[in-house]
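These are my notes from going through the model element by element. I wrote down each item as I looked it up.

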Amino acid sequence: MTSDSKLGRRALAVVGGAAATTLILAGCASGGDADSALDGISVGTTDVITSLDPAGSYDNGSFAVQNQVFGFLMNSPYGSPDVEPDLAESAEFTDPVTYTVTMKPDLTFANGNELSASDVKFTFDRQLAIADPNGPSSLLGNLASVETPDDSTVVFTLNGADQTWPQILSSPASPIVDEEVFSATELTPADDIVAADAFSGQYSITDYSENETIAYEANDAYDGVLGAAKTDSILATYYTEETDLKLAVQEGDVDVANRSLSPTDLADLAKDDALTVHNGPGGEIRYLVFNLNTMPFGATQTDADAEKALAVRQAIADTVDRDALASEVYNDTYTPLYSVVPDGLTGATKPLESLYGDGEGGPDVDAATEKLSAAGIETPVSIDLQYSPDHYGASSDEEYALIQTQLQASGLFEVNLQSTLWDTYSTERREDAYPVYQLGWFPDFSDADNYLSPFFVKDNFVGNHYDSAQVQGLLAAEIAESDEAARTEIIGQIQDVVANDLPTLPLLQGTQVVVSQSDVQGVDDTLDPSFKFRYAALSR
């Protein structure tokens with residue numbers, strides 16, 4: 001997901017919500033018995049919830065809640081980026097465009113209502129019918145129809161072959177909802193969902209005050225791949241400031257702090273013997289975009305020269321020091337990234353590590369100098385570099401100042417560094433205003449294609465004029481390829497081609513970082529390549 005647009009077939013628009021009131025753990029605003037949650041585990045976060053209704057939200061904060069309380073046909077078991085049947089008993093392609101699911105028998109929602117194929121059809125039909133602008137319906141762009149031959153069978157017909165469909169069934173578009181509670185044509189208020197106990201996941205919500213507190217109780221009706229919750233009660237508290245979340249976990253008011261603490265705060269908390277800082281693979285990536293029209297020697301420049309433009313991109317790749325960015329700016333809460341597909345996902349490789357710099361992931365100014373010289377380029381090359389100071393975290397200022405320093409210290413580049421607030425930035429970058437600029441991405445689902453198709457199909461969201469028939473052909477092939485080994489090989493080929501072409505330059509991969517009281521167990525179990533933090537793994 002990036003946070004600036006819907007991206008045709010699939011994308012994730014990160015939608016900000018109203019600021020939450022900073023709270024110390026207390027009874028939930030909606031009433032009910034919050035004391036039971038205090039007997040379990042308390043979680044703190046600075047995430048923001050847009051909507052409890054899956055049709056009305058397409059953001060990390062909302063999806064984090066939905067993952068606790070809604071079941072999916074397919075889901076990622078602990079420790080894996082790949083999906084297996086969850087509420088489904090079995091699921092398979094019966095032909096290239098038909099995906100048939102058999103439901104587990106005797107499923108119910110927490111309220112006792114039957115959970116059948118009819119609810120599944122209702123779930124997907126309402127996503128498409130509502131098509132809320134803040135919702136995830138764009139992920140279902142390849143869905144032609146949903147049919148239910150009987151109460152336990154669901155048949156999805158697709159517009160074209162798509163091997164990512166099982167992953168989409170685990171995505172923000174696919175939490176299964178109760179057709180006896182949810183409206184078919186409009187968003188259902190959170191209070192109505194909670195009052196009806198219309199949940200099918202590991203937990204139910206017993207008290208809900210949006211962006212303030214949520215009390216969870218284990219849902220005994222859940223019968224899926226993740227198993228029963230290890231702790232009966234969870235209380236989640238929402239903070240507006242990272243510093244307040246830090247203080248809460250330091251003082252023991254919060255057992256687990258998940259998303260987000262600054263690198264400085266994390267380094268400080270790591271010194272506290274009463275706390276444990278946990279790290280796991282993360283799906284967020286940070287990268288540079290080269291506008292192939294407006295960058296030096298780009299296609300619309302008076303001195304346009306495709307070979308020289310490539311040499312400039314390659315020389316920048318030779319010069320940037322990812323290790324320094326990760327350690328000096330982010331205290332190693334990010335790690336160097338050497339492919340467009342992050343480490344941990346099936347099919348991920350590291351072509352940039354050997355192609356550029358010293359061949360081992362580090363920078364090499366001599367290699368950059370040689371490339372520019374061979375292309376007949378006089379140095380220093382003037383680079384206009386743009387970033388957003390308010391959208392990708394406060395450390396963006398420091399990150400891009402260091403990139404500027406690295407490039408200029410080589411003597412090969414003169415960097416004009418500029419920043420623009422996101423409201424303007426998100427529009428101007430699509431209008432070819434920025435020759436080289438910052439973007440970030442968080443996945444819709446944990447499949448390598450979600451880091452490939454949105455970036456490199458012909459009409460991609462990046463809009464940097466990269467148009468490779470070879471890559472587009474490979475993308476079409478990997479989407480349709482049903483043999484896992486063959487598909488993985490194609491995904492590797494795509495990474496190799498784009499590493500040579502360099503329309504974008506991957507820089508950093510985020511890690512999932514959680515701080516817990518030292519007696520809390522299970523945090524590491526849920527910090528996995530699915531990128532879904534499940535409260536049900538936590539225990540004492």
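I began with the hairpin of β8 and β9, which has three residues between its strands, and noted that Asn-211 takes a positive phi near 65° there. Before going further I recorded that this is a predicted model, in which local features need pLDDT of at least 70 and side-chain atom pairs count only at pLDDT 80 or more, while totals for chains, interfaces and linings use all residues. Residues are numbered from 1 along each chain as its sequence is written, and side-chain values use heavy atoms, with hydrogens and water left out.

For the element names I kept to DSSP runs numbered from the N terminus, helices being H or I of at least four residues and strands E of at least two. Strand β8 (residues 203-209) and strand β9 (residues 213-218) run antiparallel and are joined by six bridges; two strands pair if DSSP finds at least two bridges between them. I looked up Asp-207 and found that its bridge partner in β9 is Ala-215. Six of the seven residues of β8 are buried, so the strand is largely enclosed by the rest of the structure; buried means under 20% relative accessible area, exposed over 50% and partly exposed in between, with a 1.4 Å probe and protein chains only.

Next I turned to strand β16 (residues 436-441), where six of the six residues are buried, so that this strand too is largely enclosed by the rest of the structure. In a regular strand the side chains alternate between the two faces of the sheet. In β16, Val-436, Gln-438 and Gly-440 point one way, whereas Tyr-437, Leu-439 and Trp-441 point the other way, and all are buried. Which strands pair with β16, and in what sense? Strand β12 (residues 275-290) pairs with β16 in the antiparallel sense over six bridges, and Arg-286 has Gly-440 as its bridge partner. Strand β14 (residues 381-387) runs parallel to β16 and is joined to it by two bridges, with Leu-385 bridged to Val-436.

I then checked Asn-75, which is found in strand β2 (residues 74-75) and is buried, with a relative accessible area of 3%. The side chain of Asn-75 makes a polar contact with the side chain of Arg-534 at 2.9 Å, and another of 3.2 Å joins it to the side chain of Lys-532. A polar contact is a pair of N or O atoms within 3.5 Å; within protein, one must be able to donate a hydrogen and the other to accept it, and residues adjacent in sequence count only if both atoms are side-chain atoms.

Helix α8 (residues 306-319) was my next entry: its 14 residues reach 20 Å from the first C-alpha to the last, close to the 20 Å expected at 1.5 Å a residue, the expected span being 1.5 Å times one less than the number of residues. Asp-305 caps the N-terminal end of α8, with a side-chain oxygen 3.0 Å from the backbone nitrogen of Glu-307. Ten of the 14 residues of α8 are buried, so the helix is largely enclosed by the rest of the structure; among them are Arg-313, Gln-314 and Asp-318.

My last entry is Ser-262, placed in the loop between β11 (256-258) and α7 (263-269).
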